[in-house]
Amino acid sequence: MELTVQKSPFLKALSHGQSIVEKRTTIPVLSHVLLSATHAGLTLTSTDLDMALVETVPAQVRIAGRICVPAHLLHDIIKKLPDLPIDIEINQETQQLNVKAGRSHFNLPGLAPEEFPEITSSSLTHHFDISTSDFRYMIDHTRFAMSTDETRYHLNGIHFHLFEEDGMKLRAVASDLHRLACVSINAPEGSADMPSMIIGRKAIAEIRKLLDEAPEQVKAGLSDSRFELSVQGGQNRMSFSTRLVDGEFPEYQQTLMADIERTVKVNTRALSDAADRVSTVITDRDRILRINLENQHAKLSAVSQELGAAQEEVDVESSGGDPIQICFNVRYVLDVAGLIKDEEMNLHLTSPDTPIIIRPANTNSEAYVIMPLFA
């Protein structure tokens with residue numbers, strides 16, 4: 001292998017791959033990145049056996065070849081090099097990778113490319129293009145509700161599926177059983193009959209980063225067990241694939257269709273700001289935000305043994321009913337209010353011990369559910 005590559009695209013590719021590569025692993029080669037030089041350029045492959053990223057950057061390849069090198073070490077070196085063309089070659093005697101830029105010269109230990117796991121993708125049964133902004137929107141409005149409880153592995157990700165509602169929609173849902181987030185977009189062309197899937201939490205984080213560098217459209221492919229995303233990011237070409245979570249997402253539609261006894265409309269910013277101010281006295285131990293609804297007012301209050309008490313009142317439009325007090329985790333309320341872009345939002349509620357459903361007042365594509373706390 002002998003080639004010259006520019007620092008910027010090379011460093012960007014290494015940055016993408018190192019977040020997949022495990023720093024500590026019982027399989028040494030999994031802490032490495034596979035470098036492959038061909039006439040198409042320099043291809044970097046990273047994997048943790050569940051996820052894989054294959055990225056090609058432009059390079060002047062004089063001699064083709066392959067080698068595995070420590071991913072994090074190579075990233076740190078390239079990051080610190082001057083912004084000059086980087087010469088890379090394999091020392092055939094020592095099987096080390098020589099990296100040179102200006103007056104800087106490094107010799108890195110390598111492993112035989114045959115030790116690197118073969119990246120094989122299962123036959124993808126469905127292919128479609130999806131708007132980058134739509135995909136980003138679906139992730140950003142649901143991932144906060146993903147579970148981090150490893151024993152509930154089927155909740156450790158985002159569930160995507162098709163459903164019929166004034167035309168075919170693609171819906172993203174996430175829940176940790178304390179809250180639920182659900183958003184929908186028009187189903188992308190070509191996605192008809194696609195199977196439902198759960199993309200795991202770590203894969204969601206990687207996909208979200210790649211979308212920041214993607215053009216207006218990205219290509220998606222999936223089968224019953226795998227999801228693949230192809231991105232043309234500037235000079236670099238990327239293909240990310242991940243094993244899907246093997247499990248059934250819980251039935252959740254009934255939660256969104258629960259009987260509603262009262263609807264309260266409130267200014268989104270007013271409620272968010274009031275909850276944020278009141279939360280100043282809330283500690284990690286006392287996370288309870290109390291909302292008292294009476295007539296056309298909502299009084300938000302919090303009490304802490306260490307920091308005292310706070311309360312604030314906001315105006316609302318209520319469909320009536322007796323006074324009611326509901327308690328929530330204040331962080332859950334702030335998370336949802338921070339995502340809703342509509343000026344107003346609707347709170348749909350029934351009793352102090354049933355979930356509250358929150359929807360933007362003028363948007364039908366979003367719904368959030370928060371379980372109450374008992375104080």
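**A walk from Asp 48 to the cores**

Leaving aside its neighbours within four places in sequence, Asp 48 is in contact with Ile 20, Glu 22 and Lys 202. Keep in mind as you look around that this is a predicted model. To find Asp 48, go to the loop between β3 (41-47) and β4 (51-57). Is Asp 48 buried or exposed there? With a relative accessible area of 15%, Asp 48 counts as buried, because the cut-off for that word is under 20%.

Now follow the side chain of Asp 48. It reaches the backbone nitrogen of Asp 50 at 2.9 Å, and the side chain of Asp 48 also reaches the backbone nitrogen of Met 51, at 2.6 Å.

The largest nonpolar core holds 73 residues, and the ones touching the most other members are Phe 135, Phe 160, Phe 227 and Leu 300. Helix α7 (residues 330-339) is the biggest giver to this core, with 7 residues. Pick out Phe 227 and, once you skip its neighbours within four places in sequence, you'll find it in contact with residues including Phe 135, Met 197, Ile 199, Ile 207, Phe 240 and Leu 244. There's also a second, separate core, made of 28 residues, with Leu 11, Leu 74, Leu 81 and Leu 108 among them.

And how confident is the predictor? The chain has a mean pLDDT of 93, with 99% of its residues at 70 or more. Confidence is highest in strand β14 (residues 197-200), at a mean of 98, and lowest in strand β16 (residues 226-233), at 89.

Notes
Residues numbered from 1 in each chain as written. Predicted model: local features only at pLDDT ≥ 70, side-chain atom pairs only at ≥ 80, totals over all residues. Heavy atoms only, no water. Core = buried A, V, L, I, M, F, W, Y, C linked by side-chain atoms within 4.5 Å. Buried < 20%, exposed > 50% of the residue type's maximum accessible area, 1.4 Å probe, protein only. Helix = DSSP H or I, 4+ residues; strand = E, 2+ residues; numbered from the N terminus. Contact = heavy atoms within 4.5 Å. pLDDT = per-residue confidence, 0-100. Polar contact = N/O pair within 3.5 Å; in protein donor to acceptor, adjacent residues only side chain to side chain.
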